[in-house]
Amino acid sequence: MTLTDTSPASAVRGPAAASAPAEQAWTPRLWGVLAVLCAVLFLDGLDVSMVGVALPSIGTELGLSTTSLQWIVNGYVLGYGSLLLLGGRTADLLGRRRVFLIALAVFAAASLVGGLVSDGTLLIVTRFVKGLAAAFTAPTALSILTTTFHEGPARNRALSVFSVFGASGYSSGLILGGLLTSFGWRWTFLTPVPLALVALAAGIALIPRDKPAADGGHDLVGAVTLTGGMLLAVYTVVSAPDRGWLDPVTLGSVALAAALLIGFVVTENKVRHPLIRLGILRIGTIVRANLSIVALFGSYLSFQFMMTLYLQDVLHWSPLRMAMALLPAGLIVAFGSPFVGRLIDRYGTPRLIISSMTSLSLGYVWFLATAGNTPHYAFTILPTMLLLGGGFAFGFSSIMAQATDGIDDSEQGLASGLVQTSGQVGAALVLAVVTALVAGGTAGGGGGFAEFHPGVNLVSGVAVVGLALNLIPLLRVTRAKHA
């Protein structure tokens with residue numbers, strides 16, 4: 001199948017753009033709605049990074065093995081990634097405001113329970129429940145944003161502000177996690193509770209009511225097959241390095257995951273109200289946006305995972321010192337993202353995404369070229385984090401804008417859920433492979449950063465593929481114009 005840019009957004013960029021409506025006025029209530037949505041994205045980033053810093057303390061107090069600790073992270077990722085599409089579709093059908101507020105309340109309750117339990121299994125369950133809640137708040141928040149703010153400068157500006165809070169949440173979580181862990185790991189779970197409750201109260205007061213879709217229904221078979229297939233696929237990739245890729249359980253899981261995903265595709269072509277309108281995947285810009293978010297999240301999060309292990313386990317840095325070392329990337333995103341909306345208006349999303357992938361690729365290549373066996377912070381790690389921060393700042397808002405550009409309001413939840421699913425599931429898969437490579441390097445010995453080199457090679461390749469994916473179509477268009 002040839003992927004072509006057939007989205008309605010392409011027409012907007014033509015002569016009809018001259019008749020576009022006047023720029024949307026930013027009223028106090030509009031700012032309030034954006035603040036609520038940003039607060040929830042901030043909480044997502046805060047929660048993930050704080051818990052990551054606290055994992056060693058959790059393992060010591062609850063007697064959890066490294067494998068069990070891994071599931072405190074992966075439980076959230078699996079719950080989040082597996083139900084994102086259902087979350088977006090549910091918002092379209094039942095009403096964005098209702099779904100958003102209910103899911104936020106569940107997130108707060110799961111955070112409270114997680115901070116009180118003393119059993120490892122229950123703690124993992126609360127993480128999975130929080131991931132499920134985020135699977136509904138994240139796409140719903142983005143669809144509320146894209147339906148509240150008009151397509152064009154207003155939406156691009158809102159997306160830029162939105163992405164700032166995601167980066168700020170992750171950066172703040174690193175620092176807060178280091179500080180709070182010194183008082184006890186439970187505070188990393190309890191801190192989001194009052195913040196979530198304040199956001200819930202503000203959301204009830206500010207988010208406008210919307211009507212559920214007049215026509216439509218839940219594709220339950222599609223939801224079960226898609227959720228089961230993705231959940232099983234990610235679980236297989238995460239667990240296979242310990243069990244063995246040729247183990248009968250692994251092979252059976254691969255076969256069952258494939259059967260479920262094939263069943264999902266068959267179902268979507270037959271049901272009256274599919275979870276995913278497969279025709280959306282014929283739009284070249286939408287497909288490239290989804291693959292680009294895999295390259296962005298997969299490489300960026302996997303590299304930070306390796307740096308966390310290296311700085312704490314190999315160099316024996318404290319959690320707070322480690323957080324400060326990684327902080328420059330988050331600061332670049334926080335301070336650079338507000339300007340991305342203007343750049344999108346001027347240069348368009350394709351060029352911004354190419355700039356993002358170029359910056360990411362240069363960051364990883366620079367690290368590989370200068371790291372040696374013991375990377376120097378000022379010469380190797382700091383420039384790398386600055387390049388990665390620039391890549392994320394350019395990429396996140398641009399990819400989100402491209403993924404929802406020209407999509408009808410009735411499918412904004414689907415489009416936003418689709419791109420976020422791609423990012424989460426793609427990141428989980430890349431991280432699983434990186435973890436296997438790092439484990440292999442550790443088993444082979446060598447010390448220093450040598451054991452992490454295979455993983456850095458992989459994330460470099462992922463970023464370069466993302467660059468080529470976006471550069472080649474743009475070069476073809478440029479060549480056709482000059483032919």
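User: Where does Phe136 sit?
Analyst: Phe136 has its place in helix H5, helices being DSSP runs of H or I with at least four residues, numbered from the N terminus. This is a predicted model, in which local features need pLDDT of at least 70 and side-chain atom pairs count only at pLDDT 80 or more, while totals for chains, interfaces and linings use all residues. Residues are numbered from 1 along each chain as its sequence is written, and side-chain values use heavy atoms, with hydrogens and water left out.

User: And what does Phe136 touch?
Analyst: Leaving aside residues up to four places away in sequence, Phe136 touches Leu83, Leu86, Gly87, Thr90, Val99 and Ala103, where contact means heavy atoms within 4.5 Å.

User: How far is Phe136 from Phe107, in sequence and in space?
Analyst: They are 29 residues apart in sequence, and their C-alpha atoms are 10.0 Å apart in space.

User: Switching to H2, which residues meet H4?
Analyst: From H2, Val36, Leu37, Val40, Leu43, Asp44 and Asp47 meet Phe100, Leu104 and Phe107 of H4. The residues of this contact divide into 7 nonpolar, no polar and 2 charged, with Ala, Val, Leu, Ile, Met, Phe, Trp, Tyr, Cys and Pro counted as nonpolar, Asp, Glu, Lys and Arg as charged, and the others, Gly among them, as polar.

User: Where is the kink in H2?
Analyst: The kink, of about 50°, lies at Ala54, shortly before the proline Pro56; the bend is the angle between axes fitted to the seven residues ending at a residue and the seven starting there. After H2 comes Gly63, with a positive phi near 65°.

User: What lines the largest cavity?
Analyst: Its lining consists of Leu37, Val40, Leu41, Asp44, Ala138, Ala141, Phe162 and Gln420; a cavity is a set of points on a 1 Å grid over the protein atoms alone where a 1.4 Å probe fits but cannot get out, and lining residues have an atom within 4 Å of a point.

User: Which helix gives the largest share?
Analyst: H2 does, with 4 residues, and the lining as a whole divides into 6 nonpolar, 1 polar and 1 charged.

Note on methods:
1 Å grid on protein atoms, 1.4 Å probe; cavity = no way out; pocket = protein on both sides within 12 Å on 5 of 7 lines; lining within 4 Å. Helix = DSSP H or I, 4+ residues; strand = E, 2+ residues; numbered from the N terminus.
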